[in-house]
Structures are given as C-alpha cells and as structure tokens.
Amino acid sequence: MQLTMYLILVFTFTLTLHTAVAQNKEQPPNFVIIFADDMGYGDLGIYGHPTIKTPHLDQMAREGQKWTNFYVGASVCTPSRAALLTGRLPVRSGMCSDKVRVLFPNSLHGLPASEITLAEQLKKAGYATAAIGKWHLGHRPQYLPTNNGFDRYFGIPYSNDMDKVTDKSYLELADALTPKDFNVPLMRDTTIIERPANQYTITKRYTEEAIHFIKKHKDRPFFVYLAHNLPHIPLFASKDFQHTSKRGVYGDVVQEIDDGVGQLLATLKEQGLANNTIVVFTSDNGPWLSFKKYGGSAGLLKAGKGTTWEGGMREPCIFWSLAGIKPSVVIDLGTTMDLFTTFSAMAGVPIPDDRVMDGVDLSGTLLRNEPSPREGIFYYRGPTLYAARLGDYKAHYITEGEYGMFGEKEIHGTPLLYNLNEDPSEQYDVAQDHPEIIEQINAYVKKHQADLVVGADQLADQEKQ
Ligand code: MG
C-alpha cells in the first residue's frame, strides 16, 4: 500500500514537472526565439563544426533538445520569416514571388494585415512582445513590427547588405568593407535612430536589448523574437570578438552570437525564469555559399541558401528550458511554422480556424519525447513547389541552383528520389527502385495542392527608380 502511494506520488510529481511548461494556466510559459541569418546546418560545434567554438549553444543543446530534421518555410530571408511568424507557408500569404526573392528598400509592400503573427496570437493571452533585430517583412510604417503585434521594436528592418553605397566588390568584404558602406537604418519602434547602423556592435546591442526587455517584463508572460542580422554578409564583430576564431571573421561573428545566447540563458537563470521560459535557436535559411569562406557551411547537406536542396532549408534547431523540455536528440521532423501552433497551444490560445495553417503541435515531442506529428515537408521556391518530403524520402520535381552554383533549372519528368535518412547529402537517386514511394509523395502533394489558395504577390511591387 505504502509503495503504491509512493509510486503515485512520484508519478504525479514527474508528470507535474514535465507538464509545468505546458499547462500552468496561471502563468503560461515565456518564449524566446533566437533566429540567426544565413547560418548553415554545419556551423555550430554541436552540429559538427571543427573550429567554430559555440560552448553556450552546445550546452543549451545538452540541457534541451537538439533537432536534426528541422526545416524553414523557404530558403531566403523574407518568405522564411513570414513562415515562422504566421505559421503558414509563404505561398498562402503572398510573401514570396517569382519575380523577386525578398523585399528590398524600394519595395512597396510587406506582410498583409490579414495575416496573424505569433506576436498577435500571444497578445491574446496578455504577453508582452518585442521584436529585436532583422525584420524584413516590410519597412514602411504599416508593415513594421509595432503594427504586427509587437509592443516594441529595435533593429534593422531588412538585410544588412542593403542600401549599399560602395562600389567595392563583395568579395573584398572582410578586409575592406565597413558599416558605412551600407546605409542601413537602425530603428527604435517606428523611428530611425542611427544611420548607417554601426554593424560592428549590432549583435552585442541586440543581445543587450533582449536581456533588458526580459528583466523588465519578468513578472508577466513575454515573447521575444530576437532575429540577428548576422552572420548574413557583410560580416562584422565587435572588438572583443574580432580575430578570436580560427574560422576567420565568419567564426568571430558566430562566436559573438553564441556568447549572446550564453548571456541570455544566464539572465533567465538569475531571474528565476529558466523553468518557465522556452528558448529556441535556429536560422532563417542555409549558408550563402557563393561568398566562399565568408559564407557558412551546410555541413553534410547539399547546396545552401536560395535552393530547395537540404542545405538551403534544413537548419540547426535547439529547444531549451530547464523544466519541461525533455533533453534529447530529436531526429523527427519539425519546422519553424510549428512554433506558431506549439506556442499557441502552450499559451492556451486557440489556433485561427478561418484559414489553412501549416504548423503542427510539437508539445508532445518537446515535453514527453513522443514522436513528432509532422509527416512531411514542402519545399517551395517562390510560389512554386520544387520538392516534397514524406517520412524518410524526398522527391525533387524541379531542381535549380542559385548564385551561379548548383546548376540551371531542371524539371524532372520522373522526380529525383532520395532517402534522406540513409543519404542526407542527396547523392544517390533511388527513383527507379521505388516508384511506389513516388506515388505516395505525389498523392501527398496532390492533397496539399487541393486546398491551396495562392496569395497575391506582396514582394514584386517596387518604387519606380
Ligand atoms: Mg537569410
């Protein structure tokens, strides 16, 4: 009898611990998303990089979950960010285009007001919300973070290589470029406070801003979207990190981001928030390989940014919380779009039912190591589906390189087929051996396309020069 009581107590305690993050209705969990820019699958120590030192992210992965099959919604900045914040494929919101790939400083539009961002969603449960860093979903007033559910914004509203005012070649960048060569604005809320932004200190200042916001809002639920502008090219590190990495300036920059992650997690621990805050670290798309040593690495994955090969869309992803997240390496499928669904569930906010959502709830995997409910991945380039993954296998209907690498556009009558678990580098086409799997993936795509309404292109309209 005593033993039974003891077991019940232990079971109840364990259950309480594991579901503390998910089910504490009085105090729903805080969320911090740290989103790097153009960091590849192979750029962190814990993901196998031999010389870039990332002790804080490595520790975060050991204390939390390291995902090895985690994807973004597109292989370039603007659509990938739209996917994360809306929980929907960019083809639905119109935040992708077959004319331009991202928004530019002369773009007229941005994220449609009809889209619901994760910040707007969490506001329904009383969260304090901040966007810090790169936005890239429209820089005109109506499209800024403060009009998309964020109470505060501090950052550069698009890529750090825009507003280029130099004729210097990009490949000279590590030695010759300075922040003055890119007249990008730094904004606080809706006001430009510095131009050109001093990019040497930008990573450091983003981290400080996030820590300040967390301390200020520690008594209520908060959501911080910390989207670093780096390691997107051009690369700049602050004085303390310059020339610290054997990997060169790219390594310096990643090591400074890692240091910021360490500071942020230390703050959560000091402030007593580590048990009730979920931190996610990932990147918006794969490495910019045409910049050679100044771009990142996709590790064993094929190709990089701009493509629908694995290196373009599979990213490092680490989930962390000191209570709740079950430490492990997860090889099941997940995407950035699942964050909307998962965090909404944890915060007790119903998922919008007036639109098609592309996320699934990963809570069971995060909290109890259950299998991920996600069965597949759609790989879009602009509004066109190029490939689809179902379980172990990926079929490429169209392949195309980018930035002068990995070949011209090719439409495949019989799709290329790879078993991504056996062949993560996509080297051995097994289409001839498995026509039945191609049939299954075709049916999966057909079902997806049956209810697909392609959103009006929000990227193509630009100011006349
Ligand atoms: Mg990017």
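Buried means under 20% relative accessible area, with exposed over 50% and partly exposed in between (1.4 Å probe, protein chains only). Helices (H or I, at least four residues) and strands (E, at least two) are DSSP runs, numbered from the N terminus.

A quick word on the source: this is a predicted model, where local features need pLDDT of at least 70, side-chain atom pairs count only at pLDDT 80 or more, and totals for chains, interfaces and linings use all residues. Residues are numbered from 1 along each chain as its sequence is written, and side-chain values use heavy atoms, leaving out hydrogens and water.

**The metal site**

- Look for the magnesium ion: its donors come from Asp37 (OD), Asp38 (OD), Cys77 (SG), Asp284 (OD), Asp284 (OD) and Asn285 (OD1), at 2.1 to 2.8 Å.
- Donors here are N, O and S atoms within 2.8 Å of the metal (3.2 Å for Na, K and Ca); water is not among the atoms, so sites may look incomplete.
- The six donor atoms make angles of 52 to 153 degrees, and the site is irregular.
- As for that label, four donors are tetrahedral if all angles lie between 85 and 135 degrees; four are square planar and six octahedral if opposite donors are over 155 degrees apart and all others between 65 and 115; anything else is irregular.
- Along the sequence, the donor residues follow the spacing D-D-x38-C-x206-D-N.
- Asp37 sits in the loop between strand S1 (30–36) and H2, while Asp284 sits in the loop between strand S8 (277–283) and helix H9 (310–313), so the pair ties together parts that are 247 residues apart in sequence.
- Asp37 is buried at 0% relative accessibility, and Asp284 is buried with a relative accessible area of 0%.

**Two covered helices**

- In helix H3 (residues 77–86), ten of the ten residues are buried, so the rest of the structure largely encloses it.
- Those buried residues of H3 pack against S1, helix H4 (90–93), helix H5 (118–123), strand S7 (222–227) and H10, where contact means heavy atoms within 4.5 Å.
- Just after H3 comes Gly87, with a positive phi of about 70 degrees.
- Just after H10, Gly348 has a positive phi of about 75 degrees.
- The buried residues of H10 include Leu339, Phe340 and Phe343.
- Met337 belongs to H10 and is buried, with a relative accessible area of 5%.
- Leaving aside residues up to four places away in sequence, Met337 touches Gly73, Ala83, Gly87, Arg88, Leu89, Asp358 and Gly359.

- Axes are lines fitted to C-alpha atoms, for helices over the stretch in contact, and angles run from 0 to 180 degrees between N-to-C directions.
- Angles under 35 degrees count as roughly parallel, over 145 as roughly antiparallel, 65 to 115 as roughly perpendicular and the rest as oblique.
- The axes of helix H2 (residues 55–63) and helix H8 (residues 249–270) come within 7 Å and cross at roughly 50 degrees, and H2 and H8 are therefore oblique to each other.
- The axes of helix H7 (residues 202–216) and H8 come within 10 Å, crossing at roughly 10 degrees, which makes H7 roughly parallel to H8.
- Among the residues in this contact are Ile211 and Ile214 of H7 and Leu264 and Leu268 of H8.
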